Amino acid sequence: MLQTIRQWFAPAPSIPLKTESEIQSLYPKFRFRVLESTFLGYTTYYLTRNNFSPVSKEIGEALSYSKTEIGDILAVTAITYGIGKFLMGALSDRSNPRKFMAVGLFLTAILNFSFGFANHYWIHLFLWGANGLVQGMGWPPCGRSLGHWYSVRERGTTFAFWNIAHNIGGGLVGVVASHSAAQLGWQYAFFVPGVIALIGSVYLYIRLVDTPQSEGLPPVEVYRNDYPPEEKENHESELTTKQLIVDQVLFNKYIWLFAIINFFVYIIRYSLIDWGPTYLKETKGADLLGGGYSTLILEFGGIGSTILMGWVSDKFDGRRGMVSLLCIIPIFFAFLGILWNPPGSIWIDYLLFGLIGLFIYPPVMLLGVAGIDFTSKKAVGTAAGFIGLFGSLGRTAQGKGLAILATEYSWDVALGAILVSTLIAIFLLVFSWNLRPRG
């Protein structure tokens, strides 16, 4: 049985090379097809991952869950998502992304339906933890696909455009979840995204493709004459499990640096995604829909800046850390503004949410690209999963930590902890200032 599953998920085999005219005609079409399908697919993943936070207060009221229990659901999901991202990343490097990503979206749809039907805390804790695990099947196959179809010198710009799938999915989920809950009940914050995910799963299975070689096309390095440093002769060499995990990741000091930075960047990012709606409802007078729209403002704030900063990082020879540092600094002052803004001027909070979104999403994207820059394209999923694991641990820390601080002390103390995390991220990014993939 296990062998059959492994064979079904195996990468698509290479087929004979097409003629030069066919290559020139088909390559751009397949590149767009991969970018489009992974973009829409990952957008849909977000609808079934971040739909808990916008309605967490309403679920707590309906089922008598405490803030600590809500924090536990957020924390366990972050832990399992991090583990899933790392484990699924390693598996995705040896799998066909078309099948891998589609199955993950199907499974998360089933878990969303199950969560909506359940009404017991421990069942919810288990289901949302399982959802975090299968959500790990989303990003790694995207990284693998883009790494095979787009070369080093276009990577920052390409990933920057693709990365706004985070913002569109993360922004829409707040609106979809809050409106579904307001009109039909909190359960529909999970039923509606689940239906969309089922449709997306079928779409991915039909639309996404594996490597260029599986379509009779040459590797992208040959097509664009753009080879990674010192890899012209072996850029298509397959790696053993030891090489994937140990050599390319665990013994790679750059991957460790980007992973630790990502820990603190995710505390910043998810503090407003996980707790922003609740914070605004409890301290600034927002209602259910207002809390949902705060997520939309946060996420959509990063769309233009992510594309711009990806392009800038390419123009500065791949200095992703430098660009990330310059983005994190304004975030510190935006959180100070939220802390000092009194109730009654919620529009200022919305403005600051948008400002944080404007500057947090470029580092979120660039840290992942930096990890890819400093490893083999054959280890993209593993490296991305490892960096993502640390990000999820950061989300876990804030999910549980902010719940405790807000409950035992105050929201002001919780915001103080976020400010400290922002300062630590700034300090660590200083060490990445001059790092570049071709330096």
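Biologist: Where is G71 found?
Modeller: G71 sits in helix α4. This is a predicted model, by the way.

Biologist: Is G71 buried or exposed?
Modeller: G71 is buried, because its relative accessibility is 0% and buried means under 20%.

Biologist: Which residues is G71 in contact with, leaving aside neighbours within four places in sequence?
Modeller: The contacts of G71 are W275, G399, K400 and A403, with those neighbours left out.

Biologist: How many residues along the chain separate G71 and G399?
Modeller: G71 and G399 are 328 residues apart along the chain.

Biologist: What about the chain in general? Of contacts between residues at least 6 apart in sequence, what share joins residues at least 24 apart?
Modeller: For the protein chain, that share is 87%.

Biologist: And how many helices and strands does the protein chain have?
Modeller: It has 19 helices and zero strands. Of its 439 residues, 62% are buried.

Biologist: New topic, helix packing. At what angle do α2 and α7 pack?
Modeller: The angle between α2 (residues 20-47) and α7 (residues 139-149) is about 165°. Their axes are 10 Å apart. With that angle, α2 is roughly antiparallel to α7, because angles over 145 degrees count that way.

Biologist: Is the crossing left-handed or right-handed?
Modeller: Left-handed, where α2 passes α7.

Biologist: Which residues make the contact?
Modeller: From α2, they are Y27, F30, R31, V34, L35, T38 and Y42. From α7, they are W139, C142, S145, L146 and W149.

Biologist: How many of those are nonpolar, polar and charged?
Modeller: The contact of α2 with α7 has nine nonpolar residues, two polar and one charged.

Biologist: Staying with α7, is P140 buried or exposed?
Modeller: P140 is in helix α7. P140 is buried, at a relative accessible area of 0%.

Biologist: And how far apart are P140 and D93 in space?
Modeller: They are 7.9 Å apart, C-alpha to C-alpha. In sequence, P140 and D93 are 47 residues apart.

Biologist: Let's switch to loops. Where does S64 lie?
Modeller: S64 is in the loop between α3 (56-63) and α4 (67-92). S64 counts as exposed, with 63% relative accessibility. It is not a glycine, yet S64 has a positive phi of about 60°.

Biologist: How many residues does α15 have, and how far does it reach?
Modeller: Helix α15 (residues 303-315) has 13 residues. From first C-alpha to last, α15 reaches 19 Å, close to the 18 Å expected.

Biologist: Which residues in α15 are buried?
Modeller: The buried ones are I303, S305, T306, M309, G310, V312, S313 and D314.

Biologist: Back to loops. Is N225 buried or exposed?
Modeller: N225 counts as exposed, at 57% relative accessibility. N225 is in the loop between α10 (220-224) and α11 (241-250). N225 and S151 are 8.9 Å apart, C-alpha to C-alpha, and 74 residues apart in sequence.

Biologist: Last one, T422. Which residues does T422 touch, not counting residues up to four places away in sequence?
Modeller: With those left out, T422 touches I268, I328, I331, F332 and F335. T422 lies in helix α19 (residues 411-429). T422 counts as buried, since its relative accessibility is 0%.

Conventions:
Residues are numbered from 1 along each chain as its sequence is written. This is a predicted model: local features need pLDDT of at least 70, side-chain atom pairs count only at pLDDT 80 or more; totals for chains, interfaces and linings use all residues. Side-chain values use heavy atoms; hydrogens and water are left out. Axes are lines fitted to C-alpha atoms, for helices over the stretch in contact, and angles run from 0 to 180 degrees between N-to-C directions. Helices (H or I, at least four residues) and strands (E, at least two) are DSSP runs, numbered from the N terminus. Angles under 35 degrees count as roughly parallel, over 145 as roughly antiparallel, 65 to 115 as roughly perpendicular and the rest as oblique. A crossing is left-handed if the near helix is turned anticlockwise from the far one by less than a right angle, and right-handed if clockwise. Contact means heavy atoms within 4.5 Å. Ala, Val, Leu, Ile, Met, Phe, Trp, Tyr, Cys and Pro count as nonpolar, Asp, Glu, Lys and Arg as charged, and the others, Gly among them, as polar. The expected span of a helix is 1.5 Å times one less than its number of residues. Buried means under 20% relative accessible area, exposed over 50%, partly exposed in between (1.4 Å probe, protein chains only).
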